[in-house]
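Open your viewer and follow the stops in order. Each one gives a selection and says what is there.

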Amino acid sequence: MNLSFFDQFTSPCLLGIPLILLSLLFPALLLPAPDNRWVTNRLSTLQLWFVHLITKQLMIPLNKAGHKWALILTSLMTFLLTINLLGLLPYTFTPTTQLSMNMALAFPLWLATLLTGLRNQPSASLGHLLPEGTPTPLIPALIMIETTSLLIRPLALGVRLTANLTAGHLLIQLISTATTALLPIIPAVSILTALILLLLTILEVAVAMIQAYVFVLLLSLYLQENI
Amino acid sequence: GPLSERRLMDVRLGELPAWLATCNFSPQGLLGGVQKAWNNYYDKYINVKRGGPAGISMLLAGYCLLSYGWNYQHISK
């Protein structure tokens, strides 16, 4: 019985053709390119407002060189947001529950921030490994700790996104199974479980949005240190 | 107008095989057909002055149905 709960995360295949590409491309349909009119349709207006909001928020702490990253960070944020939210619809597949995909997003971007820092300002980047004002005996240990925390960042980024979304989807599936199983037996408890399901769905919508934001925010933070 | 230039919604049921014969089934032709269909849908339901949630909701509902169809074999255990 437990095995069937994880089946929702298997990459969908139709006659052996992996369909994950279609799940990844579908959000592009929902985000039409705004044509150069003064008054666009409501969808484009909403989208433009949202993109401006995100870009402003992300670019304020960065210096001028960091603004080159605006396109990739904003598009990453929009991508993750739409994919996470689409995964909450029934029967859909969420590509971000696959660790492979999240690591493929996190690792190159983190590496890019690290290499940018090491290339342009190597001593300042390495200086981040030692916080100011540490007592002298602690320095070797602290450098090792900071290096470990630096190297574990891509893993943390990928796994955080994967684990949050996977756990949420699993919880939804478990509780909804409990609700339907209890309905013929004890309707009162079933209604209680349905209430929990409602609250959980609201939480999942929030988590979907927050996780996308956290991913991009942390990346921009790593960029700030290094650019 | 001539059969090959009419859109699918304007073709009568009896004329359907004849209309299909005039279609261009090469990859570029199919892609062009998909693009035209999407643009027609977009202009009719989403790219309007006072659109509401309906245009996008139809898309999302279609996506749910499509996903159900993909997973059907797996779900019917």
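Predicted model: local features only at pLDDT ≥ 70, side-chain atom pairs only at ≥ 80, totals over all residues.

Residues are numbered from 1 along each chain as its sequence is written, chains are lettered from A and ligands numbered from 1 in the order written, and side-chain values use heavy atoms, without hydrogens and water.

**Stop 1: chain B as cartoon.** Chain B shows three helices and zero strands (DSSP runs, H or I of at least four residues for helices, E of at least two for strands). From the N terminus the order is α-α-α. The radius of gyration of chain B is 16 Å, well over the 11 Å of the globule rule for 77 residues, so chain B is more spread out than a compact globule. That radius is over C-alpha atoms; the rule is 2.2 Å times the number of residues to the power 0.38.

**Stop 2: the C-alpha atoms of chain B.** Along the principal axes, they fill a box of roughly 45 × 40 × 25 Å.

**Stop 3: chain B, coloured by accessibility.** Of its 77 residues, 18% count as buried, that is, under 20% relative accessible area (1.4 Å probe, protein chains only).

**Stop 4: both chains.** Here 19 residues of chain B contact 21 residues of chain A, with heavy atoms within 4.5 Å.

Definitions and conventions. Buried < 20%, exposed > 50% of the residue type's maximum accessible area, 1.4 Å probe, protein only.
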